[in-house]
Amino acid sequence: MNQIRKIWPKIDLFSLRVRLTIGIAAVSALGLSSFAIWTSWKMQQMLIDGHKDKTAQIANRLPRDLQLYSQVMSPEAGLEKAIGDFKNTNTFVWIRNSENKIVIKSTNWNQLSDSIETELMSLTEMSNKPEIGKINHRYFVLCGRYLQIQGKTIGKLFVVQDVTYEQMMFLAMVQSLAIGSILTIIVISVAIAFYIKRALQPLLQLSQMTEVISAADLPEAKIYIEKAPTEVKELAQTFNMMLSRLSQSWEQERQFVSNVSHELRTPLTIVHGYLQSVLRRQNNLTPTQQEALETAASEAERTIRLLQDLLDLARADSGYLQFTMKTCVLNDLIVEVVSMAQKYSDRIIMIDLIAKSVEVRADYSRLQQVLLNLIDNAVKYSDADTAITIKLIQQNEEAIIQVCDHGYGIPLQHQSRIFERFYRVDEARTTSKGGCGLGLSIVKTIVESMGGGVTVRSKLGEGSTFTINLPASLNCS
Ligand code: ADP
């Protein structure tokens, strides 16, 4: 089985291509073999059946001839005369009496070898219906009859006809026909396989073209296949119409998210501002009132952040996220971000920087936002007594920033999905940490928009490392 897999690693038995090939090849094979069988049957009729009929006729006629001769001459003389007629033929005749002794035989046996003659003569029974028999590599039509003269059974008549040449010819033709048919079936199958492969090529093209269409490509996405059958062209047309409807609804959804985020953010910022000012001037608030206001302020702040993230993502999707690209020294940026992060949390964040300064072309504040997001996650998803480290290295023409924690880690099956919008590993745990599953998708969007990439390496219970790669500026010192 493994061997077969090695030879045909890509054969999918459920694919249309394989099924059509097998189906058409099977039908062709059936048609061809039926034709070959019919031809063989016809050839047998032409070559052998004539001899069978002739043998049967002789076996039927001889008793009648003997009957006639017996009326004009003695039985022995009649026998001699009737059997003598086969002198120059390839039909061999002999008669056994009731004691199983050969009474008379035709005089043409010198055409056959002694061993064949002995073998034929030793036969005591032959079927009434002519049959083909093989004796010493030669073929004969054999037929036997009880011989009656004037109502008296005088023995048994054996009529044998040599059909070696015809039978050999028949077998040789059947053999050639079989080989020819097998070769034709193989050639037809290969031709069909190639034809079907070519015929299905446009479908494969269609699937490859649709496979690479992402949400961002929807507005311009168009499928066009030049050389394709009408059905596939129609399918491509239907796909195009579907893509255009998808693009419209995607655009509407983006617009809706953007509008809603924008409309909600402004009043919420005002509410948050009022709550902060009330809390700052609190003199006569009861502890319950103060707690309620603090909860309201923190929830308002969380929602503002969420709306800002949604707005950023909607802008990035429509290509309106603004970037002010300039040369940034990553060493300084990291020190600044860490000091900002430490204002909001009492965690120790260690910095491990390369000695030389690493410069990249990036949007300074967006990069800050990225690092703050990653540090925020590292703080949220690790115990308070574990360390968080930010490393900066340069490898060839790449600046690499790593945010490492020794926290809960991310199970392997979730690692490829955490950069998706609203994707959270453990709903219960992340909701309690105040997350909404947008942070990492913002990180990915921003980093990729600046020409970089972000990856994660994590082990459950041991911690996670988020790595950002950015193209380093060539004039780095
Ligand atoms: P959230 O706002 O929920 O933190 P993110 O997009 O920032 O959303 O992260 C997505 C999910 O990835 C989180 O819900 C969390 O389960 C997981 N995650 C992110 N960073 C870490 C980390 N440093 N350690 C463990 N899990 C993490």
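Me: Which residue stands opposite Gly 133 in strand 4?

Reply: The idea to begin with is pairing: two strands pair if DSSP finds at least two bridges between them. Helices (H or I, at least four residues) and strands (E, at least two) are DSSP runs, numbered from the N terminus. Here Gly 133 stands opposite Phe 140 in strand 4. Strand 3 and strand 4 (residues 138-149) run antiparallel and are joined by 5 bridges. The model is predicted, with pLDDT of at least 70 needed for local features and 80 or more for side-chain atom pairs, while totals for chains, interfaces and linings use all residues. Residues are numbered from 1 along each chain as its sequence is written, and side-chain values use heavy atoms, with hydrogens and water left out.

Me: In what order do the strands of that open sheet lie?

Reply: The order of its 5 strands is 2-1-5-4-3, and the pairing is antiparallel. Strand 2 (102-105) and strand 3 (131-135) are at the edges with a single partner strand each, so one side of each has no neighbour in the sheet. On average, neighbouring strands of this sheet are turned by 30° against each other, direction ignored. Axes are lines fitted to C-alpha atoms, for helices over the stretch in contact, and angles run from 0 to 180 degrees between N-to-C directions.

Me: Which strands does helix 2 touch where it packs on the sheet?

Reply: Contact means heavy atoms within 4.5 Å. Helix 2 (residues 16-72) touches strand 1 (91-96), strand 3, strand 4 and strand 5 (152-162), and its direction makes about 25° with that of strand 4. Helix 5 (residues 164-211) also packs on the sheet, touching strand 3, strand 4 and strand 5, with its direction at about 135° to that of strand 4.

Me: Is Ser 40 buried or exposed?

Reply: A residue is buried under 20% relative accessible area, exposed over 50%, and partly exposed in between (1.4 Å probe, protein chains only). Ser 40 counts as buried because its relative accessibility is 16%. Ser 40 lies in helix 2. Leaving aside residues up to four places away in sequence, Ser 40 touches Phe 170, Val 174 and Leu 177.

Me: Which residues of helix 4 are buried?

Reply: In helix 4 (residues 114-121), the buried residues are Ile 116, Glu 117, Leu 120 and Met 121. Seen down the helix axis, these fall within an arc of 130°, so they line one face of helix 4; the arc is that of the directions from the helix axis to the C-beta atoms. The face turned away from the buried side carries the exposed residues Asp 114 and Thr 118. The buried residues pack against strand 1, strand 2, strand 3, strand 4 and strand 5.

Me: Which open sheet has mixed pairing?

Reply: Mixed pairing is found in the open sheet of 5 strands with the order 7-9-10-12-11. Its edge strands, strand 7 (349-353) and strand 11 (453-459), each pair on one side only. The twist averages 15° from one strand to the next. Strand 10 (residues 398-405) has 7 of its 8 residues buried. Strand 10 pairs in the antiparallel sense with strand 9 (residues 388-395) over 8 bridges, and with strand 12 (residues 463-471) over 7 bridges, again antiparallel. In the hairpin of strand 9 and strand 10, with 2 residues between the strands, Asn 396 takes a positive phi near 50°.

Me: At what angle do the axes of helix 9 and helix 12 cross?

Reply: Two packed helices are described by the angle between their axes and the distance between the axes. The axes of helix 9 (residues 364-380) and helix 12 (residues 439-449) cross at roughly 150° and come within 10 Å. That makes the two helices, helix 9 and helix 12, roughly antiparallel. Angles under 35 degrees count as roughly parallel, over 145 as roughly antiparallel, 65 to 115 as roughly perpendicular and the rest as oblique. The crossing of helix 9 and helix 12 is left-handed, that is, the near helix is turned anticlockwise from the far one by less than a right angle, whereas clockwise would be right-handed. Among the residues in contact are Val 370 and Leu 374 of helix 9 and Ile 442 and Val 443 of helix 12.
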